[in-house]
Amino acid sequence: MKNGMAECAVCHSKLVSPTVKTISRAYDRHRSKISSKQRALNVLLVVGDCMLVGLQPVLVFMSKVDGKFKFSPVSVNFLTEATKVVFAIIMLLIQARHQKVGEKPLLSISTFVQAARNNVLLAVPALLYAINNYLKFIMQLYFNPATVKMLSNLKVLVIAVLLKFIMKRRFSVIQWEALALLLIGISINQLRSLPEDTTSLALPVTTIAYIYTMIFVTVPSMASVFNEYALKSQYDTSIYLQNLFLYGYGAIFNFLAILGIAVFKGPGSLDIFQGHSKATMLLIVNNAAQGILSSFFFKYADTILKKYSSTVATIFTGIASALLFGHTLTVNFLLGISVVFISMHQFFSPLSKVKDDQQNGTVELIEVRENHSPKDSSFVNMAAGANEEASHRVGPDERQPLLPR
């Protein structure tokens, strides 16, 4: 055994060793039992995400007056987090009423305190999201909605790297090439740059835009990966209870930001409803729904799938921007979108999947070995051997009988 991998004595392929540390036992059991309901949930998540994410930059653009925001972006973020906290509480109450007899009560003090301790890591993505939500408004000052959506797709590559090192996720060569194609598609759309003579804060706007772009890509990427890790590491905890902690932390961080602004600008900035309109109210509702949907992505699906679904929203955003604000759908935009779709097809193609699919089955077998008697373990070992026999390439002369003659 080397580097947590065991080598098959027949075909010399690598298999996951029972000593490999995984995210959580509950999540491993979930991965080994992907059903048609799970696939249907993924489809619904993608469709909902495309609509909400695609609409978000359009609502931000509609909220601007003479190219500026009449309200504090931090107030929008605070109201968004508060809305999500209320939603999490309502769903917890509904879930508690439908609990079965004998299940641990969701609303007890002991359950809440224990869950708060186990999910303290959610404070990290909450802080990063608070920073990122403010950056969303800043980015709108330098790019149109379609461009912002394309720039956000750069997060996919950063997320893939973070997943590889933080969550030990493996990607095939074809999948890395698909991510490279995604970046190429984004670059094609970005060939049309901003005017060089436009300035802001006495610096070329392109320089500031590129600085914000780097932060805009890195911060939410880290937030997404830490969020997925935190949610899946406590997979047995109710997602609504986890969301209550995540959104609660987010509301606290944004409220602290409001207090900090009040110190510099005066008590008048404490009016969190100042400058808001119907467009901003719709923006708050959309952001709240988008955040809630994202939590389901991170816990029950995958961060990469979340970002690719957001990429599809680029089409909706571009078309909506053209219809509502007169933005032109350039040839660069259309070509870039075409390359992005090719990248999506290549990344999720069965031919591009890494051999982890063959290894996932060993996780459940490991779980069974630990919870059964030696007699039951022998049966599991026979099942595992049969599974490996079907998945490994074994020559006719290499086959051995299962039982001695």
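Which helix axes come within 10 Å and cross at roughly 180°? They belong to helix α7 (residues 155–166) and helix α12. Axes here are lines fitted to C-alpha atoms, for helices over the stretch in contact, with angles running from 0 to 180 degrees between N-to-C directions. Angles under 35 degrees count as roughly parallel, over 145 as roughly antiparallel, 65 to 115 as roughly perpendicular and the rest as oblique, so α7 and α12 are roughly antiparallel to each other. On the α7 side the contact (heavy atoms within 4.5 Å) is made by K155, V156, I159, A160 and L163, and on the α12 side by T303, I304, K307 and Y308.

Before going further, some ground rules. This is a predicted model, where local features need pLDDT of at least 70 and side-chain atom pairs count only at pLDDT 80 or more, while totals for chains, interfaces and linings use all residues. Residues are numbered from 1 along each chain as its sequence is written, and side-chain values use heavy atoms, with hydrogens and water left out.

Now zoom out. The chain's secondary structure comes to 15 helices and six strands; these are DSSP runs, with helices being H or I of at least four residues and strands E of at least two, numbered from the N terminus. Of the 405 residues in the chain, 46% are buried. In these terms, buried means under 20% relative accessible area, exposed means over 50%, and partly exposed is in between (1.4 Å probe, protein chains only). If you take the contacts between residues at least 6 apart in sequence, 82% of them join residues at least 24 apart. The chain exposes about 21,800 Å², and carbon and sulfur atoms supply 66% of that area. Accessible areas come from the Shrake-Rupley method with a 1.4 Å probe, and for residues only the protein chains shown count as cover.

The structure holds five salt bridges, each one a side-chain nitrogen of Lys or Arg within 4 Å of a carboxyl oxygen of Asp or Glu. One of them joins the side chains of D49 and K306, at 3.2 Å from N to O. D49 sits in helix α2 (residues 36–63) and K306 in helix α12, 257 residues apart, and the pair links distant parts of the chain. D49 has a relative accessible area of 0%, so D49 counts as buried. K306 is buried as well, at 4%.

Another salt bridge brings the side chains of D302 and R169 together, at 2.2 Å from N to O. D302 lies in the loop between α11 (278–300) and α12, and R169 in the loop between α7 and α8 (173–189), so this pair ties together parts that are 133 residues apart in sequence. R169 is buried, with a relative accessible area of 17%.

K168 is exposed, with a relative accessible area of 63%.

A88, in helix α3 (residues 73–97), has 0% relative accessibility, so A88 counts as buried. Leaving out residues up to four places away in sequence, A88 touches Y240, N243 and L244. A88 and Y240 are 152 residues apart in sequence, yet their C-alpha atoms are 5.2 Å apart in space. In helix α11 you'll find N287, which is buried at 12% relative accessible area. Beyond its neighbours within four places in sequence, N287 is in contact with Q56, V76 and T80.

Finally, the outside. M62, I319, L323, L324, L329 and L334 form a nonpolar patch on the surface, with about 590 Å² of accessible area together. Patches are made of residues with over 30% relative accessible area and no salt bridge, joining like charges within 9 Å and nonpolar side chains (Val, Leu, Ile, Met, Phe, Trp, Tyr) within 5 Å. Helix α12 (residues 303–325) gives the most to this patch, with three residues. L334 lies in helix α13 (residues 331–347) and, at 48% relative accessibility, counts as partly exposed.
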